[in-house]
Amino acid sequence: MADRTYRVGVLASGGGTNLQALLDHCVGEAPARVVLVATNNPRAGALPRARTAGIPTQIIEDCADAASVTGVLTNAGVDLVVLAGYLKLVPDQTVAAFAGRMINIHPALLPAFGGPGMYGRQVHEAVLASGATVSGASIHLVTPEYDRGPIIAQWPVPVLPDDTPESLAARILTVEHQLLPAVVLAAARAGRVVRMVARGAHFNGDTVDIVPAEQ
Ligand code: GRF
């Protein structure tokens, strides 16, 4: 058990629904707090969500500049960095500075349907084009290569015959909003990122147990 609140910095470029899930779970007695929301995109929906929650925000002008990205995160004293719909490549030196302490959420079952260009709608179009009958959400440690770091947690969901990229994205987003807070809160309790399993995970509207893989 960590002996102080675990400080979480979130990088987000878009609507920020995963950020919102974290904000909603990191309150009260929870062992983690979001202490910073940073973005490359001044119009990111994540920004008003952060402001509403009273969380400091930062717009990163040059996302390729390792010193400034690392500085934003270290100045906020973050223990864990969460990439939640962050569309810029994190500079190698920043990844190295947060090795083992930076996670990304991806809307497919990695290592399939990941890598450069695989974000947003493209992911779900590729899944549907492949004929895969299962997709899902993955959380992995960030390494210099897009979407290739060690997998921390996954949650499979079915691909239905009449799915569109939008319907599949929405089904996966629903489980992302449970998986991400579970991983972050477990990391806060352990003081380090721990691999998790979603026990009996399937999409039936129920909340499943998401527990550490190794006790
Ligand atoms: C999510 O599907 C996430 O997996 C991906 O980008 C999307 C972000 O959505 N990396 P939101 O901004 O959290 O709503």
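**Reading the ligand shell and backbone of a predicted model**

Q: Is Phe113 buried, partly exposed or exposed?

A: Buried means under 20% relative accessible area, exposed means over 50%, and partly exposed lies in between (1.4 Å probe, protein chains only). Phe113 has 23% relative accessibility, so it counts as partly exposed.

Q: What kind of model is this, and how are residues numbered?

A: This is a predicted model, in which local features need pLDDT of at least 70 and side-chain atom pairs count only at pLDDT 80 or more, while totals for chains, interfaces and linings use all residues. Residues are numbered from 1 along each chain as its sequence is written, and side-chain values use heavy atoms, with hydrogens and water left out.

Q: Where is Phe113, and what is its phi?

A: Helices (H or I, at least four residues) and strands (E, at least two) are DSSP runs, numbered from the N terminus. Phe113 is in the loop between β5 and α5. Its phi is positive, about 60°, although Phe113 is not a glycine.

Q: Which peptide bond in that loop is cis?

A: The bond from Leu110 to Pro111 is cis, with omega near 10°. Pro111 also has its place in the loop between β5 and α5 (121-130).

Q: What is the phi of Asp147, and is the residue buried or exposed?

A: Asp147 is not a glycine, yet its phi is positive, about 65°. It sits in the loop between β6 (134-141) and β7 (151-158). Its relative accessible area is 8%, so Asp147 is buried.

Q: Which residues surround the ligand?

A: A residue is near a molecule if one of its heavy atoms lies within 4 Å of it. Here the ligand is surrounded by Gly14, Gly15, Gly16, Thr17, Asn18, Gly85, Ile105, His106, Pro107, Leu173 and Glu176.

Q: How much of the ligand does the protein bury?

A: Taken alone, the ligand exposes 370 Å², and the protein buries 80% of that. Accessible areas come from the Shrake-Rupley method with a 1.4 Å probe.

Q: Which elements give two or more residues to the shell around the ligand?

A: They are α1 (17-25), β5 (102-106) and α6 (165-190).

Q: How do the residues of the shell divide?

A: Ala, Val, Leu, Ile, Met, Phe, Trp, Tyr, Cys and Pro count as nonpolar, Asp, Glu, Lys and Arg as charged, and the others, Gly among them, as polar. The shell around the ligand holds 3 nonpolar, 7 polar and 1 charged.

Q: How buried is Val183 in helix α6?

A: Val183, in helix α6, has a relative accessible area of 2%, so it is buried. Val183 and Ile210 are 27 residues apart in sequence, and their C-alpha atoms are 8.2 Å apart in space.

Q: Where is Leu47, and how far is it from Leu19?

A: Leu47 belongs to helix α2 (residues 46-52). Its relative accessible area is 1%, so it is buried. From Leu47 to Leu19, the separation is 28 residues in sequence and 9.7 Å in space, C-alpha to C-alpha.

Q: How far apart are Ala30 and Thr164?

A: They are 134 residues apart along the chain, with 37 Å between their C-alpha atoms. Ala30 lies in the loop between α1 and β2 (32-39). Ala30 has a relative accessible area of 16%, so it is buried.
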